[in-house]
Amino acid sequence: MNQDPQFSRENFEWQLNGKIIIFALVLFPLLVLLGFWQLERAEEKRSIVNEFRTNQQAAPAMLDDLLGGQNHQYRSAWLSGELNGERRVFLDNRVKYGRPGYEVLEALSVPSLIIDGRPQRVLVNRGWITASLDRRELPQVDSIAGQVQLRGVLYRNLRGGYRLDDGITTVTEWPSRVGWVTVERAAKLFGDDFYAYQLRLDADSIGALDTGWVTVAVQPEKHTGYAVQWFAMAAVLLLMTVIANSNFSRWIKSN
């Protein structure tokens, strides 16, 4: 008997299964798109982190710096003015330490902060406070009286993200609880003009509550890891599709 291996080799052949082919054609592009989406998210987060590091190294912004048009995102700032505790916004659904709570925002009147001939207020985020067990009761927050100097970080809301539709168009009673807030929306809620950035207070600033702001919830490296997982799943799907629609296994063994 001739034992030469060439006589036992099996030719590669397709054995197509229509349902599996359709399933793979639908799922494979989706997995690849998810992988590229995570790579885009990684690049976005990397850009945010780099912007944070660059502006954090700059000297704290003073009043004159705010009048320019440069990028102040994540830049430290020292601003003097008066906080209005009578008109206060509680930003709802802010979970911290596994507990529900609010972020407390008030308007800061800053003398001489005038842009295009219009006085500008600064939206100040004092930080987080735990919510009462009774949703009908808002937390008690001490107001800050008189002229004060506040220290914090300038922040403009990032694009995208989920916004809770609270149905509020005008505020009829203060304090007010809202599902989301930007400086643009603050202008409508307060009826005043607001500077383009809010001020997130530092932990040691006058008026600060529980701060500790997160620059990015998910680091760029984690998004890259997620992308690798999606691409790996796409590769496995492609291999399994080939195996299920051919004599690939027997062909490998015979060769």
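Biologist: In this model, are Phe90 and Tyr102 buried or exposed?

Modeller: Both Phe90 and Tyr102 are buried (under 20% relative accessible area; exposed is over 50%, partly exposed in between; 1.4 Å probe, protein chains only). The model is predicted: local features need pLDDT of at least 70, side-chain atom pairs 80 or more, while totals for chains, interfaces and linings use all residues. Residues are numbered from 1 along each chain as its sequence is written, and side-chain values use heavy atoms, without hydrogens or water.

Biologist: How many aromatic pairs does the structure hold?

Modeller: A pair of aromatic rings is described by the distance of the centres and the angle of the planes. The structure holds seven aromatic pairs (Phe, Tyr or six-membered Trp ring centres within 6.5 Å; planes under 30 degrees apart are stacked, over 60 edge-to-face, the rest tilted). Among them, Phe90 and Tyr102 are edge-to-face, at 5.6 Å and 75°. This pair joins strand 1 to strand 2, twelve residues apart (strands are DSSP E runs of at least two residues, helices H or I runs of at least four, numbered from the N terminus). Tyr195 and Tyr197 are tilted, at 5.8 Å and 40°, and both are buried.

Biologist: Which residues of helix 3 are buried?

Modeller: An α-helix has 3.6 residues a turn, so residues three or four places apart point the same way. In helix 3 (residues 183-190), Val183, Arg185, Ala186, Leu189 and Phe190 are buried. They fall within an arc of 150° (directions from helix axis to C-beta atoms), so they line one face. Glu184 and Lys188, on the other side, are exposed. Phe190 also forms an aromatic cluster with Trp174 and Phe194. Gly191 follows helix 3, with a positive phi near 75°.
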